[in-house]
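Open the model in your viewer and keep the selection tool at hand.

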Amino acid sequence: MSRKDRESQRDAEFTEYLAVRQPSLLRTAYLLTGDRHQAEDILQTSLAKLYLAWDKVHDRGAVDAYVRRIMVNENNSLWRRAWKKREYATEVIPEGDPHHDAYDDGTNDHLWQVVQTLPPKARSVVVLRYYEQMSEAEVADALGISVGTVKSQCSRALATLRERVPAELHPRYGEESPS
């Protein structure tokens, strides 16, 4: 097979993979970042890195895990950059939108706002474990950490979330009326 034929086959395989998996990967990127634009940037960068390494990924069943790992690393590196840590002052504080119970595609979820307050690594564990419904072993493999670390990160993150969740979203308080 000529070099041009190999490249053509590689491009066809990669394009087929993108057609099938891109929406799911974008969802994962959004869950990691909490921002659609950042998610698109992270996904684009991750897919570019995947394309460059496509020939090195021999186990095609592990491509999703490989891309998730790239996305987590990209997201974590964003948080390390100084420009990301800057705060912006404004004279007018924007009014918050009132809460309306309706179908939520992830962009208006109040619980998700609380999840976004977690540190990036803890959020990565929570997103992969609960939003992507991966097992502890799969999360550990995707992030390159031990299963014990996944368990402890989940435990601490869930404890933090329990403290931060507003009473109206907490199942224990949903049945009680405030006095």
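**Stop 1: α1 and α2**

Select helix α1 (residues 3-33) and helix α2 (residues 36-53): their axes come within 9 Å and cross at roughly 145 degrees. Axes here are lines fitted to C-alpha atoms, for helices over the stretch in contact, and angles run from 0 to 180 degrees between N-to-C directions. Helices are DSSP runs (H or I, at least four residues), numbered from the N terminus. The α1 and α2 crossing is right-handed (the near helix is turned clockwise from the far one by less than a right angle).

Now show side chains. On α1, the contact (heavy atoms within 4.5 Å) includes Arg10, Phe14, Tyr17, Leu18 and Leu25. On α2, Ile42, Leu43, Leu47 and Leu50 are among the residues that take part. By class, this contact has 14 nonpolar, 3 polar and 4 charged residues. Ala, Val, Leu, Ile, Met, Phe, Trp, Tyr, Cys and Pro count as nonpolar, Asp, Glu, Lys and Arg as charged, and the others, Gly among them, as polar.

A note on the source: this is a predicted model, where local features need pLDDT of at least 70, side-chain atom pairs count only at pLDDT 80 or more, and totals for chains, interfaces and linings use all residues. Residues are numbered from 1 along each chain as its sequence is written, and side-chain values use heavy atoms, with hydrogens and water left out.

**Stop 2: the core**

Which residues have the most contacts inside the largest nonpolar core? Select Leu50 and Met71; this core has 39 residues. A nonpolar core is a set of buried (under 20% relative accessible area, 1.4 Å probe, protein chains only) Ala, Val, Leu, Ile, Met, Phe, Trp, Tyr and Cys residues joined through side-chain atoms within 4.5 Å. Elements giving it two or more residues include α3 (63-80) and α4 (110-115). The largest share, 9 residues, comes from α1.

Centre on Leu50. Leaving aside neighbours within four places in sequence, Leu50 is in contact with Phe14, Tyr17, Val57, Val63, Tyr66, Val67 and Ile70.

**Stop 3: α1 and α5**

The axes of α1 and α5 come within 9 Å and cross at roughly 140 degrees. This crossing, too, is right-handed. Arg27, Thr28, Leu31, Leu32 and Thr33 of α1 meet Arg123, Ser124, Val127, Leu128 and Tyr131 of α5.

**Stop 4: α6 and α7**

Finish on α6 (residues 136-143) and α7 (residues 147-164), packed at about 105 degrees with axes 8 Å apart. The two are therefore roughly perpendicular (65 to 115 degrees). Val139 of α6 and Val150 of α7 are among the contact residues.

Definitions and conventions
Angles under 35 degrees count as roughly parallel, over 145 as roughly antiparallel, 65 to 115 as roughly perpendicular and the rest as oblique. Buried means under 20% relative accessible area, exposed over 50%, partly exposed in between (1.4 Å probe, protein chains only).
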